[in-house]
Amino acid sequence: MNNAVNTTLIPVAELSPGAVAKIRNDTIAVVLAKVSAEIGMPTEKLVVRDIRPFTDLGWATGATIATAVSTENHWDFSLDDSETEGAFTVLNSTSYQTMADQRFIVIYGVKDRRMALATPIVQAMSELRITTGGNVRAIWDLQKMQAYPSKMAAVTNSPVIIPQNTDYQLAGYNGISDDGGSSDVVSYIMLEGFVVEPMGRVLSP
Amino acid sequence: MSNIMLIPLQEMAPGQASAIRNSVMDAVVAKASRELALPENKLVIRDIRPYSDLAFGTNTDYMDTALSVDIWGAWQSSAASIDDGTAGAYRDAIVDGTTMADSRYVTLYGVRDMRLALNTQIDQDISLIKFDIGAADRTIWDLSKCEAYSNSISGMTSSPVVITPLTPYQISMYLIAGATVPYVEFIGFVVEPVGLLITP
């Protein structure tokens, strides 16, 4: 095995059986240890929970990329059809670009849910860029999932961690701002990941 | 023996796709490390940007209008169809005279047909794909063999095509009919020094 940093996104359909579970479990173990060391708490005082897209990440609060700025906790939003094709546009507005204190968000994959729609739509976002602390950590090609309509999901062996109090930016590359007609396209992309934070901050399981 | 065949994903043993990916990455990272005189941990493996890294779709021999967007030749609301009236011939997808960027290795080891994700499925207009690297034809893949498996039209090879820094290259698509939208993406990755684009 080589020692290069592998940031590629791998479609779930091209992974060995059990590989997704291994990536998830390994990532959780690594991040729990990191958080425990950084905030001086034993792992049993930490909770690993699902991401709330708006509340935790500010997903779809970017006024340029979304037709209407999101204030709700769901991943769906309409891409503005006046957005420039062939450029990255920021998904989280400047008001949502610093991670909260004592909160670590980990992103290790992407899901495209549009095949679950009654009428599947065209995917407008072709790439996703994740920047933390001023450095581009990953650029993922979202198109690669589309060869597998029954498993439109992909994960990476190099998860992106957004540590507490750190600047971050999520940006979508607009491969097509509309479906060739005049209507806006709804994005059904969601991020695969989790939140690690002290127990009691949001949840007390 | 050089086995350069494309194998449909559905005809592979469980785990074989991962084995091919991992062994190809190991080989290319070792090669890049040696040739760039950089330790492996100073290299990054990342996804390919179709236009920015590969100039895919920039030749009007293949596309109606040359692309300048990072998509695999489709989805853009204009200029996304294959050039008309070109059936029964290879058409070059990369603008003539293109060479790979310095310190960048692009590796291609398979192909995906993405039209299954369309609401209204279209016919595939591409049958064969030819790779000319450094003025030699390295491989010809038959994409048609993957179409027998309608839930995942993709294939891989254990003999990857590696486009090394500053090397001229061309990718040519053999067209069946012409005038349809291409929904083909290559499976592969980029190896380059950390910091050139990404700093993980």
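User: Which residues of α1(A) are buried?
Analyst: Welcome to this predicted model, in which local features need pLDDT of at least 70, side-chain atom pairs count only at pLDDT 80 or more, and totals for chains, interfaces and linings use all residues. Residues are numbered from 1 along each chain as its sequence is written, while chains are lettered from A and ligands numbered from 1 in the order in which they are written. Helices (DSSP runs of H or I, at least four residues) and strands (runs of E, at least two) are numbered from the N terminus, and a residue is buried if 20 or more other C-beta atoms, placed from the backbone, lie within 10 Å of its own, exposed if 12 or fewer, and partly exposed in between. In α1(A), the buried ones are I23(A), T27(A), V31(A) and V35(A).

User: What exposed residues does the face turned away from the buried side of α1(A) carry?
Analyst: Strands β3 (46-49), β6, β9 and β12 of chain A are included in what covers the buried residues of α1(A). The face turned away from that buried side carries the exposed residues A21(A), N25(A), A29(A), A33(A) and A37(A).

User: How far apart are the end C-alpha atoms of helix α1 of chain A?
Analyst: The expected span of a helix is 1.5 Å times one less than its number of residues. For the 21 residues of α1(A), residues 19-39, that should give 30 Å. The end C-alpha atoms agree with this, being apart by 30 Å.

User: Which residue in β9(A) stands opposite V106(A)?
Analyst: Let's look at β6(A), residues 104-112, where 8 of the 9 residues are buried. Two strands pair if DSSP finds at least two bridges between them. β6(A) runs antiparallel to β12(A), residues 189-198, with 8 bridges, and there V106(A) has F194(A) as its bridge partner. β6(A) also pairs with β9(A) in the antiparallel sense over 6 bridges, and in β9(A) the residue opposite V106(A) is I161(A).

User: Which residues of chain B are in contact with A147(A), leaving aside its neighbours within four places in sequence?
Analyst: A147(A) is in the loop between β8 (135-141) and β9 (153-162) of chain A. A147(A) is buried because 29 other C-beta atoms lie within 10 Å. Contact means that the C-beta atoms of two residues, placed from the backbone, lie within 7 Å. By that rule, A147(A) is in contact with R112(B), D113(B), M114(B), L116(B), S152(B), I153(B) and S154(B).

User: Which element gives the most to the side of chain B that touches chain A?
Analyst: The contact takes 44 residues from chain B and 45 residues from chain A. On the chain B side, the elements giving two or more residues are α1 (16-36), β2 (43-46), β4 (105-113) and β9 (184-193). With 6 residues, the element that gives the most is α1(B).
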